[in-house]
Amino acid sequence: MEEEQAVSGKIAMWKKHEQQHKDKQLINPFSEWDGASTRAKLSKDDENYAKPVEGSMTAQRGKAAGERISNEIQELIEIIKVMGKKGDDGLYRISNEIQELIEIIKVMGKKGDDGLYRINFGLLFNIYLKISNKMVGIMMRARKQGLIDFEGEMLWQRRDDHVMITLLKES
């Protein structure tokens with residue numbers, strides 16, 4: 001009697017597992033099973049539209065990524081509050097970071113015969129890394145404002161360590 005219950009319990013477990021697998025295959029658009037991908041499409045108004053299946057690995061990864069992004073946004077807000085200046089309108093400005101970059105180039109770079117300061121990107125990156133991990137973005141803004149110049153569209157650590165950064169104006 002006990003053996004029959006143990007066997008029937010295992011059979012029930014496998015039947016349940018089989019049904020779960022079948023249900024997943026029927027909604028899998030890549031499944032080759034007959035009748036696969038025949039579930040009704042969700043309306044854009046449906047609360048599950050464009051959301052992963054609850055409890056799935058995709059849902060877990062999405063939740064973790066959302067938390068990471070939220071933390072990075074909070075960190076950026078704190079950097080702006082610390083590094084920036086609050087304007088009359090109550091908004092923070094981060095132009096201080098560009099001024100800080102200019103000061104680092106002047107202090108750590110070399111003044112050329114033309115009176116312009118220069119520093120190679122590798123050295124600047126290593127110095128600035130201790131201050132902010134947003135250095136390349138700050139450099140792009142400073143170049144757009146005509147304060148510094150360098151060859152190329154974007155600079156990459158190691159590959160462009162030799163590229164010279166030229167200070168054109170002191171702000």
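## Strand pairing and the sheet

Two strands count as paired if DSSP finds at least two bridges between them. In this predicted model, four strands meet that condition in an open sheet, ordered β3-β4-β6-β5, with antiparallel pairing. The edge positions are taken by β3 (110-111) and β5 (148-149); each has a single partner strand, so one side of each lacks a neighbour in the sheet. Strands of a sheet pair through backbone hydrogen bonds, in either a parallel or an antiparallel sense.

Four bridges link β4 and β6, which pair in the antiparallel sense. Within this pairing, Tyr-117 lies opposite Leu-167 of β6, and Arg-118 has Thr-166 in β6 as its bridge partner. On the β5 side, β5 and β6 run antiparallel and are joined by two bridges. Here Asp-149 is bridged to Thr-166 of β6.

## Overall makeup

The chain contains five helices and six strands. In sequence order these elements read α-α-β-β-α-β-β-α-α-β-β. The chain has 171 residues, and 20% of them count as buried.

Of the contacts in the chain with a separation of 6 or more, 40% are between residues 24 or more positions apart. The accessible surface of the chain is about 13400 Å², and carbon and sulfur atoms account for 54% of that area.

## Thr-166 in strand β6

Thr-166 belongs to strand β6, which covers residues 164-167. Is this residue buried or exposed? Thr-166 has a relative accessible area of 12% and is buried, because the cut-off for a buried residue is under 20%.

With neighbours within four places in sequence left aside, the contacts of Thr-166 are Leu-116, Tyr-117, Arg-118, Leu-147, Ile-148 and Asp-149. Two of the residues in this list are also bridge partners of Thr-166: Arg-118 and Asp-149.

## The largest nonpolar core

Nonpolar side chains tend to be buried together in soluble globular proteins. In this model, the largest nonpolar core has 21 residues, and those with the most contacts inside it are Leu-101, Ile-105, Phe-121, Leu-124, Met-139, Ile-148 and Ile-165. Two or more residues of this core come from each of α3 (95-108), β4 (117-120), α4 (121-129), α5 (135-144) and β6. The largest contribution is that of α3, which supplies five residues.

What does Met-139 touch, beyond residues up to four places away in sequence? Its contacts are Leu-101, Phe-121, Leu-124, Ile-148, Phe-150, Leu-155 and Ile-165.

## Helix α5

The buried residues in α5 are Met-135, Ile-138, Met-139, Ala-142 and Arg-143. Viewed down the axis of α5, these buried residues fall within an arc of 135°, so they line one face of the helix. An α-helix has 3.6 residues a turn, so residues three or four places apart point the same way.

Gly-146 follows α5 and has a positive phi, near 75°.

## Salt bridges

How many salt bridges does the structure hold? There are three salt bridges. One joins Lys-106 to Glu-103, with 3.9 Å between the closest N and O atoms. Lys-106 and Glu-103 are three residues apart in helix α3, so about one helical turn separates them. Both residues are partly exposed: Lys-106 has a relative accessible area of 24%, and Glu-103 has a relative accessibility of 35%.

Another salt bridge is formed between the side chains of Asp-114 and Arg-118, at 2.9 Å from N to O. Asp-114 is partly exposed, with a relative accessible area of 48%, and Arg-118 is also partly exposed, at 27%. In the remaining pair, the side chains of Asp-160 and Arg-159 meet at 3.0 Å, N to O. Here Asp-160 is buried, at 9% relative accessibility, whereas Arg-159 is exposed, at 52%.

Notes
Residues are numbered from 1 along each chain as its sequence is written. This is a predicted model: local features need pLDDT of at least 70, side-chain atom pairs count only at pLDDT 80 or more; totals for chains, interfaces and linings use all residues. Side-chain values use heavy atoms; hydrogens and water are left out. Buried means under 20% relative accessible area, exposed over 50%, partly exposed in between (1.4 Å probe, protein chains only). Contact means heavy atoms within 4.5 Å. A nonpolar core is a set of buried Ala, Val, Leu, Ile, Met, Phe, Trp, Tyr and Cys residues joined through side-chain atoms within 4.5 Å. Accessible areas come from the Shrake-Rupley method with a 1.4 Å probe; for residues, only the protein chains shown count as cover. A salt bridge is a side-chain nitrogen of Lys or Arg within 4 Å of a carboxyl oxygen of Asp or Glu. The arc is that of the directions from the helix axis to the C-beta atoms.
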